[in-house]
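Good morning, and thank you for the time.

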Amino acid sequence: MPADPPGPGHSSGRPHVLILGGTTEARRLAQSLTGGGDSPYRVTTSLAGRVAAPVLPPGGTRIGGFGGPAGLAEWIAAHRVTHLVDATHPFAERMSFNAARAAALSGVPLLALRRPGWSPGPGDDWHVADSLAGAAALLPGLGSRVFLTTGRMGLHSFAHLTEPWFLVRSVDPPDGPVPPRLEVLLARGPFALDDERELLARHRVDLLVTKDSGGSATAPKLTAAREAGIPVLVVSRPPVPQGVAAAESVDAAVRWLGGAGVPAQDDRVR
Ligand code: NAP
């Protein structure tokens, strides 16, 4: 496991950007900030450690929880972090609130890098739930051969559903309670449209369940479902902390970091 980057005694004098990662955007931001050799930034990406063999971004990395907002604030001070970017997944709710609290405690500017959510288009048959438990409650009325793409961590929410058959796709195997009729497909995105079409047809899927993750890497399943006339059960996003500057793209985050000043709270950076 990569060690924590050097502490304050080794600081280079460059602004130190701590990226809370675990997403494609976090990796792209680290690439963008460290690219070209002479980077004006020192960059550290933090990962939770959920994936056994993560794709590591360039720059420094550290892995594992900080011990809540106070622990994150301590890490920020100890490593002279100058800018904090919350580029965690839109469903990593706790970490986003921890980031907001830690930024307030330590006085460093915080940007939330959050890709836009998906919206239904013509021909889509979407059903929206506000949580995984809510999706599990709606599910039996919508389908019996289910492609469940909400990630392995929340599978316990569906474990009591004994009738439907589930195809679960995840990077690592599930390790908690799971529904009894289950096939696991280990795979890491991005996924191509042709492959998604073939997967739905081969497994005779009649319902797709997804979080509103947004982004292009996993969007082809939505197109494949639309083409096949399959309903989609979408789990809507959890709340985000208020008063945090937000960007919807890596380019906007780079601009924020390079800007003359830090945008006022609530500014939307696009
Ligand atoms: P979460 O519920 O918001 O966070 C739970 C705890 O995990 C946090 O309190 C924190 O521990 C630790 N943690 C989360 N992200 C971290 C990070 N980037 N670096 C260090 N510690 C982190 O998060 P989650 O939903 O379990 O997601 C975990 C990670 O997987 C995130 O980094 C996220 O970007 C990624 N991910 C999540 C999803 C999803 O659907 N939730 C999907 C794809 C990727 P401490 O309080 O001890 O600091």
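This is a predicted model: local features need pLDDT of at least 70, side-chain atom pairs count only at pLDDT 80 or more; totals for chains, interfaces and linings use all residues.

Residues are numbered from 1 along each chain as its sequence is written, and side-chain values use heavy atoms, with hydrogens and water left out. Helices (H or I, at least four residues) and strands (E, at least two) are DSSP runs, numbered from the N terminus.

Six strands form an open sheet in the order 6-11-10-7-8-9, with parallel pairing; two strands pair if DSSP finds at least two bridges between them. Strand 6 (126–129) and strand 9 (182–186) are at the edges with a single partner strand each, so one side of each has no neighbour in the sheet. On average, neighbouring strands are turned by 20 degrees against each other, direction ignored. Strand 7 (residues 145–148) and strand 10 (residues 207–211) run parallel and are joined by three bridges. Leu-148 stands opposite Val-209 in strand 10.

Which strands does helix 5 lie across? Helix 5 (residues 193–202) lies across strand 7, strand 8 (165–170) and strand 9, and runs at about 155 degrees to strand 8. Angles here run from 0 to 180 degrees between N-to-C directions, and axes are lines fitted to C-alpha atoms, for helices over the stretch in contact. Helix 6 (residues 220–228) also packs on the sheet, where it touches strand 6, strand 8, strand 10 and strand 11 (232–235). Contact means heavy atoms within 4.5 Å.

Now the helix pairs. The axes of helix 2 (residues 68–78) and helix 3 (residues 93–106) come within 8 Å and cross at roughly 50 degrees. That makes helix 2 oblique to helix 3; angles under 35 degrees count as roughly parallel, over 145 as roughly antiparallel, 65 to 115 as roughly perpendicular and the rest as oblique. Residues meeting in this pair include Leu-72 and Ile-76 in helix 2, and Met-95 and Leu-105 in helix 3.

Finally, helix 1 (residues 24–34) and helix 7 (residues 250–258) pack at an angle of about 50 degrees, their axes 10 Å apart. Helix 1 contributes Glu-25, Arg-28, Leu-29, Ser-32 and Leu-33 to the contact, and helix 7 contributes Val-250, Ala-253, Val-254 and Leu-257.
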